[in-house]
Structures are given as C-alpha cells and as structure tokens.
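Thanks for making the time this morning. I would like to walk through one model with you, going from its strands to its metal site and then to its aromatic rings.

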Amino acid sequence: MKKMNFAILLAVCLMGFISCTEIDDSILIGHIKNVKIETSKWKNDTKGVYSLIHDDFGIPNANGIIDYADSIAKAHDVKFGFAIITNEVDENEWAIAKKMITNGHEPINHTHRHYCGHDVSWCPSQVWGVDDFDIEIDLSHQLILENTGITPLFFAFPFDQSTPEMISYLKSKNYLGARAGAFTQDLNPDFLNDSDTPYFQLKFYAHGPGVPIENLSKSASLAVEKGMWAIREVHGVADGSWGPIPKDDYINHMKAIQELQEKGDLWISPPSSVMKYLETNKHTSYTQNQVGTVLNISLMYDGNSDLSSEVTLVLEIPKEIEVKSIVSDTNEEIKYVKGADNTIQVNVNPAIVKALEVDFKYY
Ligand SMILES: [Zn+2]
C-alpha cells in the first residue's frame, strides 16, 4: 500500500470509523504474501567454501600442526581437517587430537602406514593395494574411532595416489568422500568443486615446496569469486614436513580467510561438514503457508538422519516489514541473522525441526 493511502486510512481509523488494528493487519498480511524463501547453496548464505586440510598428523616432521596450526587457527575462528597417519600417533598425540576435535577440527583417515597407492618412481615408500585394505583403511579407521570417539567420514590418500578399488572399498565402509579428484599446485578455477561434484572425486589444490605462499589465500578468494568450494592440501607449519608454511605466512593466511568469513563471503569448514550440508540440502523440501499475520514453514527431510546437518533458509522480506520472532514446532525461539538486501538467514536441522512459525512486524 502506498504511503498516501496508508495516511488516509490512518486518519479514518483515528476518527473511529473503522478499527486501526484491522487496517494494520490487512496491510501486514499483504506484505507477508510477498515473503520469498529459499535454501542457500552454502551455509550462512556465503558465496563460497574453503576446506583446509593438514596432512601427516603424527609424524615428528609435521609437528607444526600441533605446535602452531591448531592454536593459530582457533584464534582466527578457523576449523580445518587433519589427516592422521595412525601408525605414527602415540598416546600423547591422541590426547592432542581429541583436544583439536573440541576446537572444531575434523580427523581424517590418512591410512595406517602412509604407503604409495601406485608404483610411481618418485614415491618414496612401498605400494599398498587390495591386500592391505584391512590395515590401511580398516585399522586406521578403527584407531581413530577408538582414540577420539569420532567415526572418520573422509579419506585423504597418501601422496594423492588412489585406485578405483580403494574408492569402492571406502564407499562400502560408509565414507562420505575422499580427496581423490584432479589436483594442481597452481591456481585454476577448474580445480574448484561445485555442489554436484562427486564426493569421491573432490578436486583440490596441493601446497608443496616452491608453491607461492599467496596461492593459499588466493584459492579461498577464488572460491568466493566463482561461488564454489576450494579444498587445499597443506602439511605442517614451521616444521620439517613437505612444503611447510612459515609461521608468519600461516598467520597471514588465517587473517585473510577470517576476514572473508566475517564479511559473510566465505564459509570455512572441514570437508565432511560441507558434504553433510549439501546432502541435507538435497533432501530437504519445504512449504510455506500464511495464516493471518503468521507465516508457517513446514520442513520435510527424506535423507539419512545420522548425516543430517543444519541448512540455511534465506527469507527475502518486503522492506516495509521485518521479523518479530521465529518459533519452532518444538517451541523453541529460533535465532536468525540479518543478511544483505532485506534477507534473514535461519539455520535449522530439518531432521530435528519440522516447522517454523514466523511472526512479523512493521519495519
Ligand atoms: Zn601424507
């Protein structure tokens, strides 16, 4: 309703000819009809996603993961994946792994003994194959579960060498995905992932000796620019690992990605949470039903409830009104965040929350 009409109606109601509440409600009802809802491609309606994975947790040469990466990332609100070589981890390091998990980092299966997946001349250790799956996949899986309480869902191949048999076996063991697609040490948009990239062919960037340090932050920016998911393989920080990152460079990288995260452009997440988000999104549908000045949103989820996660609903709201409150079917007040262009973001797990009741008021 135009401002002038509203002013006339207001005058009429103030003179007592008609009820002001009724006018108020009818205008509000009209605006609520124009509320649009969608789920966002990436969590928190960000433009892109970045997953940093530190390989080789456990070997003394990669101790910078424990000594520096964990605390520096925590200070910058960054959560990463750490790929564990289980044969190398002692009791003290398992305790540290558990602490890192409480900081939000994800334990990743990086085999038990870190052998080569193929017989290639540059690979420094022996080759593993089908006969070793019980050790290199099952034992390492079991050790991570027993020592951290977390079921590993993601696999990182040593030396980035995999075979189709290995991938089939991981699928049969209920892994969600693996870093096993094409990779590069350069920056190239072809090595980003989209929401439909197969989880066992996830492409990635590898940071090794001689790779420009700027490429670390640039790959996160590229994900934002292209609206896609960048996965970055690194090793240790200020240690003897393969292509270690100097401590100051690591801090600068954390600052750069934290800034993108705080701007709302980048979601920084270990890989399994990204896949859970995508899967939950694919299996979630919703309907909206307006009853007077209340908008009811029903959520339907037909996926695996063990692997469900929050999805972000984005409500685009006419500029004349704003949300007063959101209450779930479990009678809980649901928090929401105001986004750009008169939108609000609501994170809900549709395996738990089945309906939302949204109340509005004038802006
Ligand atoms: Zn490795």
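This is a predicted model: local features need pLDDT of at least 70, side-chain atom pairs count only at pLDDT 80 or more; totals for chains, interfaces and linings use all residues.

Strand β11 (residues 284-291) and strand β12 (residues 294-301) run antiparallel and are joined by eight bridges, where helices (H or I, at least four residues) and strands (E, at least two) are DSSP runs numbered from the N terminus, and two strands pair if DSSP finds at least two bridges between them. Opposite Y286 stands L299 in β12, and in the hairpin of these strands, which has two residues between them, G292 takes a positive phi near 60°. On β12 there is also antiparallel pairing with strand β17 (residues 355-362), over five bridges, and here S298 stands opposite A355.

Residues are numbered from 1 along each chain as its sequence is written, and side-chain values use heavy atoms, with hydrogens and water left out.

A further sheet is open and has four strands, in the order β1-β13-β16-β15, with antiparallel pairing. Its edges are β1 (36-39) and β15 (337-338), each with a single partner strand, so one side of each is left without a neighbour in the sheet. The pairing of β15 with strand β16 (residues 343-348) rests on two bridges, and K338 has I344 as its bridge partner in β16.

Turning to parallel strands, β3 (residues 81-84) is joined to β4 by four bridges, with E106 as the bridge partner of G81. From β3 the chain passes through helix α4 (residues 91-102) to β4, and this β-α-β crossover is right-handed, in the sense that, with the strands pointing away from the viewer, the path from the first strand over the helix to the second runs clockwise. In a regular strand the side chains alternate between the two faces of the sheet. In β4 (residues 106-109), E106 and I108 point one way and P107 and N109 the other, and all are buried, buried meaning under 20% relative accessible area, exposed over 50% and partly exposed in between, with a 1.4 Å probe and protein chains only.

Which residues coordinate the zinc ion? They are D56 (OD), H110 (NE2) and H114 (NE2), at 2.0 to 2.1 Å, where donors are N, O and S atoms within 2.8 Å of the metal (3.2 Å for Na, K and Ca), and since water is not among the atoms, sites may look incomplete. The spacing of the donor residues in sequence is D-x53-H-x3-H, and both H110 and H114 are buried.

Finally, the whole structure holds eight aromatic pairs, counted when rings of Phe, Tyr and Trp (its six-membered ring) have centres within 6.5 Å, with planes under 30 degrees apart called stacked, over 60 edge-to-face and the rest tilted. One of them is F133 with Y169, whose ring centres are 4.9 Å apart and whose planes lie at 40°, so the pair is tilted. This pair links distant parts of the chain, with F133 in helix α5 (residues 133-148) and Y169 in helix α6 (residues 164-172), 36 residues apart. F133 is buried at 6% relative accessibility, whereas Y169 is partly exposed at 21%, and together with W128 these two residues form one aromatic cluster.
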